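Subject: Structure for your files

Hello,

Here is the structure I promised to send over. My notes on it follow below.

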Amino acid sequence: MRRTFVVGCPRSGTTIVQALLARHPAVYTLPETAFFEQLHGDLAWRWGDVRVQPRRRRWRQSLGLTRRHIRDVFTALHVQLAGARPPMPSAYHWRTLSGRFLALLDRSAAAAGRSMWLEKTPNHLLYIPEIEALAPDARFVHVVRRGMDVLASLADVYLRFENDEAFGGGTVHWARRWNRAMDIHSQHIGRANHHFVFLEDLVSQPDIEWARLCAFLDLPPDAPLDNACQQSIANLSDEPWKVSAIQGQIREADRKVDGLFGPQMQRWLRCRLASYEDLRAQCQAVRARPSPRVRRIYDNTQAASVG
């Protein structure tokens, strides 16, 4: 079973990439689990939020034993996917519970007749070391979008839905978080089990980016895709902001920067945000000499486009 995680800063396009892959007949996916985020915690500290310290751990957690909350989260997920509660002792070591989480997704994908599962929780970007330690064969798809567009999308969705837990904090807060995401992305450029999808490239050259993504995931790129994503990847009553992405149809997003940010804010963002262009250039330099298999897929895709 091939295990894949889609990660990135929130509002970067992770949902559309998940929904696009979910149209492939080999791919099994599900709504965001936030499993490792809830298991290991310290989300705000890992983002580097101002004046946030890692939480103090009780002696049970120091021994690696999980909290009741995360065991309840796993139980709910097990009921959702397997239709029954898991046999569970009173306490689990975090490695044991993590292994059961991966095994649950393995079984669910196999039962659906799929050879790969895909878990998409943007914040799992911050937990890559823990995931890799547990599943060295896991693959990661990093989704990256221009920083100013991400910040405008976050401001827009907050104004429309006022979800403080998901999108609160303000533009300066999210600018720091986007910079943190860029720093983590940069640490994984060129690593064999990490792949980068830049949203603007996916929109402007979908065939080429689809071929690259399939090559990385060992998926046949010419497999017939569903017309739209048929799998459940979001509960729109809880996450209504995902309505335009869950079908997996690539389209250019509305540009919100000029409507939401005045000249002074845009100047501030240009000065403070990490360089998107530098990260993209580094990735392009690494992929300049792809493997023969990837080159063959590129050539076939381009030949088909010309034909």
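Arg46 is buried at 14% relative accessibility, where buried means under 20% relative accessible area, exposed over 50% and partly exposed in between (1.4 Å probe, protein chains only). The side chain of Arg46 meets that of Glu130 in a salt bridge (2.9 Å, N to O), the term standing for a side-chain nitrogen of Lys or Arg within 4 Å of a carboxyl oxygen of Asp or Glu. Glu130 counts as buried too, at 18%. Because Glu130 sits in helix 7 (residues 128–134) and Arg46 in helix 3 (residues 43–47), the pair ties together parts that are 84 residues apart in sequence. Helices (H or I, at least four residues) and strands (E, at least two) are DSSP runs, numbered from the N terminus.

Please bear in mind that this is a predicted model, in which local features need pLDDT of at least 70 and side-chain atom pairs count only at pLDDT 80 or more, while totals for chains, interfaces and linings use all residues. Residues are numbered from 1 along each chain as its sequence is written, and side-chain values use heavy atoms, with hydrogens and water left out.

The whole structure has 17 salt bridges. One of them joins Asp156 and Arg160 (3.0 Å, N to O); these two are 4 residues apart in helix 8, about one helical turn. Asp156 is buried at 15%, whereas Arg160 is partly exposed at 49%. Another links Glu209 with Arg212, the closest N and O atoms being 2.8 Å apart, and both residues are buried. Salt bridges with shared partners also join Arg146, Glu200, Asp201, Glu277 and Arg280 into one network.

On the sheet: 5 parallel-paired strands form an open sheet in the order 2-3-1-4-5, two strands being paired if DSSP finds at least two bridges between them. Strand 2 (27–29) and strand 5 (194–198) stand at the edges with a single partner strand each, so one side of each has no neighbour in the sheet. Strand 1 (residues 2–7) and strand 4 (residues 139–144) run parallel and are joined by 4 bridges; Val7 has His142 as its bridge partner in strand 4.

Finally, Ala285 lies in helix 15 (residues 276–286) and is exposed, with a relative accessible area of 54%.

Regards
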